[in-house]
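Here is a short briefing on a predicted model. Keep the structure open and look up each residue as you read.

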Amino acid sequence: MDKLWLIIQREYLTRVKKKSFILITLLSPILFVALFTIPVLVTIFSGKEKKSLLVSDDSGIFVPPTDASANVSFALAKEELPVLKRNYKTMGYDGVLHIPAVQGKTGKLQLSYFSEKQLSLSVVSYIERQVAEQVEAKKIKDAGYSEEVMESFKTDIGIEQEELAFNEKGELVETGKKSSAELATAIGFFAGFIIYIVLIFYGAMIMRSVMEEKTSRIVEVIISSVKPFQLMMGKIIGVSAVGITQMLIWMVMTFALTQVATAFLGADAMTMQSNMPMQQPTPEMASQAGVVFEAITNQNWAYILPLFLFFFIGGYFIYASLFAAVGASMGDDMGESQSLSLVAMAPIILSVILISPVVENPNSSLARWMSIFPLSSPVLMPARLAFEPPLWEVLLSMVVLAGSSVFFVWLSGRIYRVGVLLYGKKATLKEMVKWTFSKE
Amino acid sequence: MQGVVKTYGSFTAVDHVSFDIPKGVVFGMLGPNGAGKTSLIRIITNITKADAGQIWLDGEPLNSRHPEQIGYMPEERGLYKKMKVGEQLTYLARLKGLTAAQARQELGFWFKRFDIGTWWDKKVDELSKGMQQKVQFIATVLHKPKLLILDEPFSGLDPINANLIEAEIRELAQQGTSIIFSTHRMEQVEEMCDHIVLINKGKNVLEGRVAEVKQRFKENLFRIEYGNAQAFDLDATNPIFNIKKNEGQALTVQLAEGAATNDVLGYLINNGVEVRSFNELLPSINDIFIRRVGETIS
């Protein structure tokens with residue numbers, strides 16, 4: 001036990017003290033925050049350019065809006081279109097907008113814009129909205145309806161899902177629990193991907209480290225002092241501690257940085273967003289946000305989070321030990337050994353491909369069995385959890401996963417023990433199977 | 001070590017090998033490539049287990065506590081390249097059961113002895129190959145093992161460092177450490193070893209004290225240097241010896257069955273040969289090695 005502890009310590013400390021670890025750990029949250037703030041900054045600083053347009057209005061409807069904060073200003077012109085097209089620059093404008101006459105009840109109105117320079121997408125949609133609003137208002141008025149009547153026609157549809165349950169007698173029990181398919185899907189994707197990324201990243205870290213020990217031959221010195229299994233477990237546990245450290249730092253830093261970022265940019269970002277016509281919150285969006293928020297608070301986090309952690313740890317042990325066994329079976333030539341790492345990679349990649357169909361159809365038999373199969377359950381069961389799969393499936397999956405992680409750690413230990421002492425060529429799968437059953 | 005057997009599948013790597021390693025002795029383990037030396041070493045170091053047979057260390061059957069009393073320097077040297085020398089040696093020593101304080105104390109001793117105090121904070125890959133060898137040697141002996149296993153300890157060392165390590169090995173043997181010395185370099189065996197065992201195809205084909213083994217394999221060859229032999233007919237046959245080689249001023253002769261060295265001298269003196277020196281030619285370990293391995297092959 002003492003020696004296992006020593007190995008864990010070394011595996012942990014050498015990694016945590018590495019410059020690359022410190023850099024990645026410190027820079028990632030900064031990059032992450034930058035990823036969100038830079039677009040905001042870009043729009044703040046580049047959105048200032050204003051367009052002023054001459055409007056040649058054949059419909060006679062258009063009234064230039066008097067919104068001073070908008071990036072586009074309009075001026076009605078009385079001259080003929082060909083004259084405007086020739087002279088707009090000398091008149092001091094960026095281009096000419098032509099609104100044709102509105103013909104009866106037509107649903108389509110084709111505007112034309114003439115200029116040397118193209119309009120940006122946001123300006124185009126701003127103009128379209130402005131004109132559409134005014135044309136619609138005119139049509140409503142012409143049809144003889146008041147605006148109040150029109151407003152009363154508007155209908156906002158949303159589906160609120162409420163869970164029902166039945167007691168032993170088969171009587172209906174109202175749970176009052178509201179759920180949202182969108183949110184469950186988001187949680188499913190997020191959970192599945194997080195586990196996938198961590199398994200691949202730290203699995204590869206373990207594999208590299210085993211290969212390094214093998215190619216540098218230090219492994220022979222170490223296992224003349226400790227059992228190969230202790231070395232492998234020490235590595236797996238040590239690297240998991242590195243992962244936990246990294247995530248904790250990330251969580252704290254991301255939280256702190258978002259606080260700082262919103263404090264600095266918050267005000268600006270708010271005003272900027274209200275300037276963007278497309279992102280103006282509509283009542284419809286507000287009510288949707290309310291539903292999502294209610295669903296978030298309604299999620300059974302006390303159920304999901306511990307289970308997520310369980311599948312996370314189980315998956316980690318399975319894949320970390322598999323990667324260790326693969327690393328131990330590799331030859332001195334790292335390049336030709338790549339194919340062997342597919343043994344451990346393939347099931348994870350398959351699982352991540354299955355996230356989408358599983359989340360879309362969380363109760364299909366594919367979803368059920370793949371979230372019980374131990375090589376895919378660490379990714380797919382957490383992806384399903386927000387859809388509240390039947391309890392027996394979750395329990396069965398947990399039992400299978402727990403049993404399999406013990407099995408895979410044992411199996412990998414067997415392969416590792418033989419593999420690290422054999423130099424030269426990479427092993428074949430057949431040899432790895434043979435090692436499993438070979439004696440000490 | 002008694003009747004040790006190790007098989008890998010249908011291949012028998014170690015086939016009923018038995019030998020004793022006396023305390024405080026440099027024990028040469030010889031054998032061609034693939035003879036089973038590494039398999040034997042791995043059994044002794046508890047890396048693998050023997051299929052049959054018994055091994056005792058200091059009167060006790062080999063068990064899982066013994067690795068702490070064994071120091072093993074594999075032929076393929078290995079250290080963590082990115083780890084600092086001091087940290088690394090402390091770690092390796094602690095894996096052998098030393099406390100951190102003990103490890104520091106022992107390291108202080110060795111760093112002073114090898115005059116490498118400035119290396120503590122250097123990473124291993126900043127050191128030259130010879131320097132790394134020194135570090136590796138320290139790692140092997142730091143925990144004062146009772147049994148030291150050195151696989152080709154001088155490979156890659158320059159003559160100065162080789163002498164340094166050789167002196168350390170001798171000193172450790174004098175202090176009572178038993179040393180298994182595995183090598184192909186026969187001149188080193190003659191220089192260093194008191195005992196040898198020769199392994200071929202997994203079998204112990206020869207074992208004993210170096211001097212005794214040489215006696216056993218001697219061919220009664222003598223080298224005679226002489227000043228003047230005008231009166232002596234070199235081509236004449238005699239019942240006492242055969243002339244194997246004549247280099248002019250020196251003869252290599254083989255004694256005939258039943259003849260004694262004094263008979264040779266008497267014969268030569270009587271024939272008016274002025275003998276300047278008379279030496280027995282003992283076979284080198286190299287000759288014995290080649291002969292024995294050749295015999296076991298045929």
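Y80(B) and Y91(B) are both buried. Their rings form a tilted aromatic pair, 6.5 Å centre to centre with 55° between the planes. Y80(B) lies in the loop between strand 7 (70–73) and helix 2 of chain B, and Y91(B) lies in helix 2 itself, so the pair ties together parts that are eleven residues apart in sequence.

**Other aromatic residues**

- Over all chains, the count comes to 20 aromatic pairs.
- One of these pairs joins F407(A) and W410(A). This pair is tilted, with 6.0 Å between the ring centres and 35° between the planes.
- Why are F407(A) and W410(A) separated by about one helical turn? They are three residues apart in helix 14 (residues 391–419) of chain A.
- F407(A) is partly exposed, at a relative accessible area of 42%. W410(A) is also partly exposed, at 40%.
- In chain B, one aromatic cluster is made up of F109(B), W110(B), F114(B) and F137(B).

**Where chain B meets chain A**

- How many residues does each chain bring to the contact? Chain B gives 29 residues and chain A gives 22.
- Together the two chains bury about 2400 Å². Carbon and sulfur atoms account for 57% of that area.
- The interface holds three salt bridges. In one of them, the side chains of E220(A) and R42(B) meet at 3.4 Å, N to O.
- Eight residue pairs are in polar contact between chain B and chain A, counting pairs with both residues at pLDDT 80 or more.
- Strand 1 (2–8) and helix 2 (85–95) of chain B each supply at least two residues to the side that touches chain A.
- Which element of chain B gives the most to that side? The answer is helix 2, with six residues.
- The residues on this side of chain B divide into eleven charged, ten nonpolar and eight polar.

**Chain A as a whole**

- Chain A has 15 helices and six strands.
- Of its 440 residues, 40% count as buried.
- Take the contacts in chain A with a separation of 6 or more. Residues 24 or more positions apart account for 69% of them.

- Is K214(A) buried or exposed? K214(A) is buried, because its relative accessible area is 4% and the limit for buried is under 20%.
- K214(A) sits in helix 6 (residues 181–215) of chain A.
- The side chain of K214(A) reaches the backbone oxygen of G419(A) at 3.1 Å.
- Leaving aside neighbours within four places in sequence, K214(A) is in contact with several residues, including V219(A), G327(A), M330(A), G419(A) and Y423(A).
- A101(A) lies in the loop between strand 3 (95–99) and strand 4 (112–114) of chain A.
- A101(A) is partly exposed, with a relative accessible area of 34%.
- Not counting residues up to four places away in sequence, A101(A) touches D58(A), S59(A) and L109(A).
- A101(A) and T66(A) are 35 residues apart in sequence. In space they are 23 Å apart, C-alpha to C-alpha.

**A residue in helix 1 of chain B**

- T38(B) lies in helix 1 (residues 37–44) of chain B.
- T38(B) counts as partly exposed, at 34% relative accessibility.
- T38(B) and E280(B) are 242 residues apart in sequence. Their C-alpha atoms are 36 Å apart in space.

**Positive phi in chain B**

- Most residues other than glycine have a negative phi.
- N46(B) is not a glycine, yet its phi is positive, near 70°.
- Where is N46(B) found? N46(B) lies in the loop between helix 1 and strand 4 (52–54) of chain B.
- N46(B) is buried, with a relative accessible area of 17%.
- D115(B) is not a glycine either, and has a positive phi of about 55°.
- The loop between helix 3 (100–113) and helix 4 (129–141) of chain B holds D115(B).
- D115(B) counts as exposed, because its relative accessibility is 68% and exposed means over 50%.

Notes
Residues are numbered from 1 along each chain as its sequence is written. Chains are lettered from A and ligands numbered from 1 in the order in which they are written. Side-chain values use heavy atoms; hydrogens and water are left out. Contact means heavy atoms within 4.5 Å. Buried area is the accessible area (1.4 Å probe) that two parts lose on being put together, summed over both. A salt bridge is a side-chain nitrogen of Lys or Arg within 4 Å of a carboxyl oxygen of Asp or Glu. A polar contact is a pair of N or O atoms within 3.5 Å; within protein, one must be able to donate a hydrogen and the other to accept it, and residues adjacent in sequence count only if both atoms are side-chain atoms. Helices (H or I, at least four residues) and strands (E, at least two) are DSSP runs, numbered from the N terminus. Ala, Val, Leu, Ile, Met, Phe, Trp, Tyr, Cys and Pro count as nonpolar, Asp, Glu, Lys and Arg as charged, and the others, Gly among them, as polar. Buried means under 20% relative accessible area, exposed over 50%, partly exposed in between (1.4 Å probe, protein chains only). Rings of Phe, Tyr and Trp (its six-membered ring) pair if their centres lie within 6.5 Å; planes under 30 degrees apart count as stacked, over 60 as edge-to-face and the rest as tilted.
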